[in-house]
Amino acid sequence: MAQGFNRTEMLPPLPPPVTERGAIKWLRENLFSTPFNVVLTLFGVAVIYLLLQSALPWWLNSVWNAESLSQCREIVAATAGPDATGACWAMIRERWHQFLFGFYPPAEYWRPILAFGLLFAALAPVLYSGQKRSLTILLGGVLAFLLLTLYLSAAPSSVFVVAVLLVLGMLALVQMQPGKLIWFTLLYPALTFWLLWGGSVWSPIVAMAGFAILYGVFRLASPLIGLAPAAGAGVVAAVLWWLYIDVPTVNLLQSALPFSIPAIASDQFGGFLLAIVIGVTGISFSLPIGILLALGRQSDMPIVKWLSVGFIEFIRGVPLITLLFTASLLLQYFLPPGTNFDIILRVIILVTFFAAAYLAEVIRGGLAALPRGQYEAADALGLDYWRAQRLIILPQALKVSIPAIVSTFIGLFKDTTLVAFVGLMDPLKGVTQIVRADIDWKGIYWEPYIFVGAIFFLICFGMSRYSMYLERKLKTDHR
Amino acid sequence: MAEAAQMQISDEVAIQISGMNKWYGQFHVLRDINMTVQRGERIVICGPSGSGKSTLIRCINRLEEHQQGQIIVDGTELTNDLKNIDKVRSEVGMVFQHFNLFPHLTILENLTLAPIWVRKVPKREAEETAMYFLEKVKIPEQANKYPGQLSGGQQQRVAIARSLCMKPRIMLFDEPTSALDPEMIKEVLDTMIQLAQEGMTMICVTHEMGFAQAVANRVIFMDQGQIVEQNEPKEFFNNPKSDRTKLFLSQILGH
């Protein structure tokens with residue numbers, strides 16, 4: 001026999017052995033790779049089984065159509081046997097509007113709905129600055145949302161037309177000059193204030209004029225007396241405007257050109273309407289205040305520095321509930337008699353301060369993470385303090401702080417449920433208590449909390465996903 | 001070295017430092033500094049680490065504050081007056097050891113930022129200037145990348161271009177090649193030599209003695225916060241006067 005070998009036929013490729021393929025490979029590698037992991041896997045499967053065994057029937061026996069909890073139980077007993085348990089979502093079906101709006105009059109539901117839809121239009125230029133495509137998609141979503149919900153809430157046809165034209169106008173603006181959309185963002189707070197609380201259309205307009213006066217005085221005075229004194233003069237002028245000129249002007253304008261919608265008192269607000277009003281206002285004002293506090297804490301000017309440190313440490317050292325009690329009780333003793341300072345406004349101010357103090361420390365961490373060279377390079381190019389901060393320092397410091405900032409925002413939003421302690425109707429405790437006090441739903445326990453928790457989860461998870469998107473978008477260091 | 005002789009030095013005074021002292025707390029870091037820089041001069045400052053050479057040039061654009069004496073840059077005295085400081089800083093370019101580019105901006109944005117916000121140049125014009133200087137430092141193709149995507153040598157050339165976009169009358173270099181890999185030092189030095197040949201007033205803290213010999217018209221040796229010796233390069237390297245200078249030169253040129 002010769003030792004030589006000559007292949008006459010080439011081998012076709014074969015599939016890999018069954019243990020190295022698809023699901024089996026995945027199982028072997030991820031679940032059963034070592035004996036210890038086999039034990040852990042079996043234990044985990046057992047735990048999941050037990051959880052499902054106790055919870056799954058409850059979900060599967062859900063009842064959506066019933067008049068009361070006892071009726072729910074009867075239906076469950078009739079369909080699944082006398083010992084079966086079942087969720088009673090009929091309560092949500094009957095009371096969902098209270099979870100969303102509190103005691104806001106149903107005929108006016110279109111107002112918070114419109115404000116909520118426009119909120120996203122106002123956020124759009126902040127969330128997706130200058131990105132035509134994302135802006136268009138978001139505004140399209142707002143339009144669809146408003147078309148549907150305004151129709152369902154039986155909004156007056158004039159409102160319907162105005163809202164649709166407004167959003168269409170913004171869509172057109174985005175196609176031409178996406179940067180200009182920020183003007184709507186600036187007007188949005190006044191518009192929403194008027195939509196939610198109602199009353200004369202002139203009160204938000206005249207109040208906004210205070211800001212215009214602040215800016216006008218600042219612009220006129222800053223070449224003469226310098227930036228900081230001019231800002232001070234502007235604030236004084238605006239406060240004088242709000243204290244002494246605001247109300248008479250509103251009355252005058254209202255008597256000359258009356259236009260108003262029904263006023264809604266703060267104690268009728270509740271549920272997620274309240275949580276979102278407090279949360280969104282708190283989030284949008286706490287960030288700029290937090291930035292100023294963080295910069296103040298690093299300032300060379302001793303008084304600015306001490307004030308910032310004192311504010312931050314005081315607010316952080318006190319529980320939020322203490323501040324809320326301060327808002328609801330103490331402020332009334334300190335304010336001049338006869339001032340009617342709205343409870344929601346007071347709570348918003350203190351929640352904002354609370355979040356701002358935390359944000360200040362988060363942002364200080366971001367500032368500390370920047371190399372000194374960045375400050376020096378900005379200085380060496382002749383940029384003044386505010387330009388260096390705005391163009392060089394803050395974009396980088398805020399970028400590294402995004403995860404912590406969004407955590408603070410999520411915390412703030414969830415903390416809005418604490419307003420229950422000062423008698424406001426938050427979705428978790430306030431509304432649930434009211435629902436459970438009803439004789440029909442007495443004894444219902446899991447369902448309202450699951451419902452409210454699910455909505456909170458959706459909103460907070462959304463914020464979290466957006467922050468991850470933002471981090472990816474801003475990643476330019478290529479490390 | 002023939003090129004160095006051709007470069008013009010005018011009688012106009014660019015920087016005048018007289019009787020300047022600086023302390024860090026108790027530590028006397030700069031002691032009785034007196035120097036005059038003529039427009040068009042290329043000065044190399046060398047010395048052992050901790051001798052105060054970086055601190056000295058950082059005083060010239062007020063990144064560091066001096067406590068005694070006078071610094072006059074282009075006829076403007078540096079005091080606590082912020083207007084004067086900003087004026088001097090916009091006239092004086094600075095290049096750092098660690099480049100200090102802005103990592104969140106593209107190369108082009110790095111270059112146009114200060115002209116747009118400090119000099120109020122229209123955006124398009126600032127971009128044209130930026131591209132002109134990027135071509136000069138031979139990396140126009142990197143304009144839309146971020147600093148993190150460039151090599152060290154490229155980043156330092158961008159940093160030089162960024163300073164030049166402000167059309168400075170004086171350039172300060174603070175150890176511009178110390179953080180670079182050896183093969184990248186040459187590309188940065190070439191850029192600096194080119195700048196010197198165009199008549200820029202330059203003060204350069206560096207240990208690149210070859211650069212000093214090729215370009216400088218004066219070498220200053222510092223030790224313990226004071227100017228120990230200064231001379232034209234040929235004299236300085238071939239015939240140092242003080243023992244400290246001799247020791248330093250033997251250490252730095254010894255191998």
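**View 1. Helix 11 of chain A passes helix 18 of chain A in a right-handed crossing.** In this predicted model, the two elements are helix 11, spanning residues 271-297 of chain A, and helix 18, spanning residues 446-473 of chain A, and their axes come within 12 Å and cross at roughly 25°. Because angles under 35 degrees count as roughly parallel, helix 11 of chain A is described as roughly parallel to helix 18 of chain A. The contact brings F272(A), I276(A) and I283(A) from helix 11 of chain A up against V452(A), I455(A), F456(A), I459(A) and M463(A) from helix 18 of chain A.

**View 2. A salt bridge joins the side chains of E376(A) and R372(A).** The N to O distance for E376(A) and R372(A) is 3.8 Å, and the two residues, four apart in the chain and thus about one turn of the helix from each other, both belong to helix 15 (residues 372-380) of chain A. E376(A) has a relative accessible area of 11% and is therefore buried, whereas R372(A), at 57% relative accessibility, counts as exposed.

**View 3. E12(B) and R39(B) form a salt bridge in chain B.** E12(B) counts as partly exposed at 40% relative accessibility, while R39(B), with a relative accessible area of 13%, is buried.

**View 4. E65(B) is paired with R62(B) in a salt bridge.** For E65(B) and R62(B), the closest N and O atoms lie 3.9 Å apart. R62(B) is buried, with a relative accessible area of 9%, and E65(B) is partly exposed, with a relative accessible area of 43%.

**View 5. A network of salt bridges in chain A links R297(A), E313(A), R316(A), E361(A) and R364(A).** Over all chains of the model, the count comes to 26 salt bridges.

**View 6. Chain A is divided into domain 1 and domain 2.** Domain 1 of chain A covers residues 30-59 and domain 2 of chain A covers residues 266-479, and the C-alpha centres of these two domains lie 40 Å apart.

Terms used: Residues numbered from 1 in each chain as written. Chains lettered and ligands numbered in written order. Predicted model: local features only at pLDDT ≥ 70, side-chain atom pairs only at ≥ 80, totals over all residues. Heavy atoms only, no water. Domains from an automatic or database assignment. Salt bridge = Lys/Arg side-chain N within 4 Å of Asp/Glu carboxyl O. Buried < 20%, exposed > 50% of the residue type's maximum accessible area, 1.4 Å probe, protein only. Axes fitted to C-alpha atoms, helices over the stretch in contact; angles between N-to-C directions. Parallel < 35°, antiparallel > 145°, perpendicular 65-115°, else oblique. Left-handed = near helix turned anticlockwise from the far one by under 90°. Contact = heavy atoms within 4.5 Å.
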